[in-house]
Amino acid sequence: MGSQTENLLAVIDVGSAKTCVIVAEVNDYALRYRGHGISDSRGMRKGVIADLDKAVDSIKKAVEEAENMAQAPVEHAVVGVAGSHIRGVNSHGGITLGSRSREISRDDVRLAVEKARSIAMPEDREALHLLPQEFILDGQGGVRDPAGLMGRKLEVRVHIVTGGATATQNVVSAVNRAGIHVDDTVFEALACADSVLQTDERELGVCLVDIGAGSTDLIVYYEGVVIHTGAVPIGGDHFTNDVGVGFRTPIPDAENIKKMFGCVIVTRIPEGNEIEVPSVGDRPSRLMQQRLLGEILEPRARELMELLRDHLRQAGVAELLGAGVVFTGGGSRMNGLLEVADDVLRRPVRQGYPVPIAKLPSNLLEPEYGTAIGMVLYGHRARQARMNLDRGLGAKIKALFARQGT
Ligand SMILES: Nc1ncnc2c1ncn2[C@@H]1O[C@H](COP(=O)(O)OP(=O)(O)OP(=O)(O)O)[C@@H](O)[C@H]1O
Ligand SMILES: [Mg+2]
């Protein structure tokens, strides 16, 4: 294998449950899958790295598998950042161009955006994304790309996605320690939106909810732009732990039982159904009522949805979700979860699946791979925008709107 050529694109999603690497190739602007690797994540707790060495090993394993399949080395990659430390804030800023109208340059646009980002941020946080929502030219809002237009005053509204500095740096360090240079970091829900949401949903207003193992990340779009990002500190692992405690069974067994027999609507489980539950230590396994499993899982599902509802209300976006809520991530596969979501949130809900890219194996078209596939699309779009900018086409700001296909 030679060195990673210019037209290869690799992404790494270091999740709490699994680490997923996808390698794609870009030819004449077309994107094609080349290979992937998946390993069980070790050293992760609640969506962030707790044991660096273990995390590095998981990354190495997934990378090696992807390299073998793609028949190319992975030397640099786009890396995902997620977890309860993610918070989004809306900000506003601008510049005065002079007393007379003049043409707005790219540098003016950049300067205006810089002004909007210069809000006081605690030292332990860093900005992951600066997503322009609209430009306001001489008091007139709704401008998408002001470069080339005439005006005297340029203002901009931006959504700033911030992450805990250490959590972000730890993901980057782990990937570096696995021998890979990090080209870019991306908030995972933002990338996931690329593969799971439709354009009209973003226009009407939609919340994408990625229920992972350690946390639930979310992003809200309205009128085509990002208006809110955040996270709720509950993921699929909490459901598994509840089963482990409630059934007094080891965690790996609790995980299997949850996936095979779990349902978050008690009344949907026939009375009298029994399941075999392994015991801790050397004790023999026992038969337990499947309904009991529902009784353990339903309150957790309701708690998650209530936290989500309160989070969206507090952010002031609950009334803006004309297209409802789209659920993705492995945790969203829990039986009955969408019905509970519908009941608590009172919005249209659907399960989100990633769109396929050329040659992608069909077993990756599952909710838990929406993020990694979205990262490929995001990485491709960012690279194209950079190339266009180099050519003076100035598409970067448009790309920053995080819209599909721009
Ligand atoms: N069929 C299923 N039913 C219920 N839960 C499931 C099912 N399949 C997967 N899960 C749960 O989904 C979670 C893993 O989802 P995913 O792979 O999206 O997480 P991750 O990306 O590794 O974690 P995170 O995004 O929090 O870092 C686990 O908690 C797992 O138990
Ligand atoms: Mg995830």
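**A sheet and its surroundings**

Asp210 stands opposite Thr328 in strand 19. This is a predicted model, in which local features need pLDDT of at least 70, side-chain atom pairs count only at pLDDT 80 or more, and totals for chains, interfaces and linings use all residues. Residues are numbered from 1 along each chain as its sequence is written, while chains are lettered from A and ligands numbered from 1 in the order in which they are written.

The facing pair belongs to strand 14 and strand 19, which pair in the parallel sense over four bridges. Strands pair here if DSSP finds at least two bridges between them; strands (E, at least two residues) and helices (H or I, at least four residues) are DSSP runs, numbered from the N terminus. Strand 14 also pairs with strand 15, in the antiparallel sense and over six bridges. These two strands form a hairpin with four residues between them, and Leu208 has Ile219 of strand 15 as its bridge partner.

Strand 14 is mostly covered, with six of its six residues buried (20 or more other C-beta atoms within 10 Å of the residue's own, C-beta atoms being placed from the backbone; exposed means 12 or fewer, partly exposed in between). In a regular strand the side chains alternate between the two faces of the sheet. Here Val206, Leu208 and Asp210 point one way, and Cys207, Val209 and Ile211 the other.

The whole is an open sheet of five strands in the order 16-15-14-19-20, with mixed pairing. Its edge strands, each pairing on one side only, are strand 16 (225-232) and strand 20 (349-351). Strand 20 pairs with strand 19 (residues 325-328) in the parallel sense over three bridges, and Phe327 stands opposite Gln351.

Helix 4 (residues 188-196) packs on the sheet, touching strands 14, 15, 16 and 19 (contact means C-beta atoms, placed from the backbone, within 7 Å). Its direction makes about 110 degrees with that of strand 14; axes are lines fitted to C-alpha atoms, for helices over the stretch in contact, and angles run from 0 to 180 degrees between N-to-C directions. Helix 8 (residues 290-314) lies across strands 14, 15 and 16, at about 140 degrees to strand 16.

Around ligand 1 there are 25 residues (C-beta atom, placed from the backbone, within 6 Å), the closest being Gly15, Ala17, Gly212, Gly236 and Gly330. Helix 6 (236-247) and helix 7 (251-261) are the elements that give two or more residues to this shell.

Note on methods: Contact = placed C-beta atoms within 7 Å.
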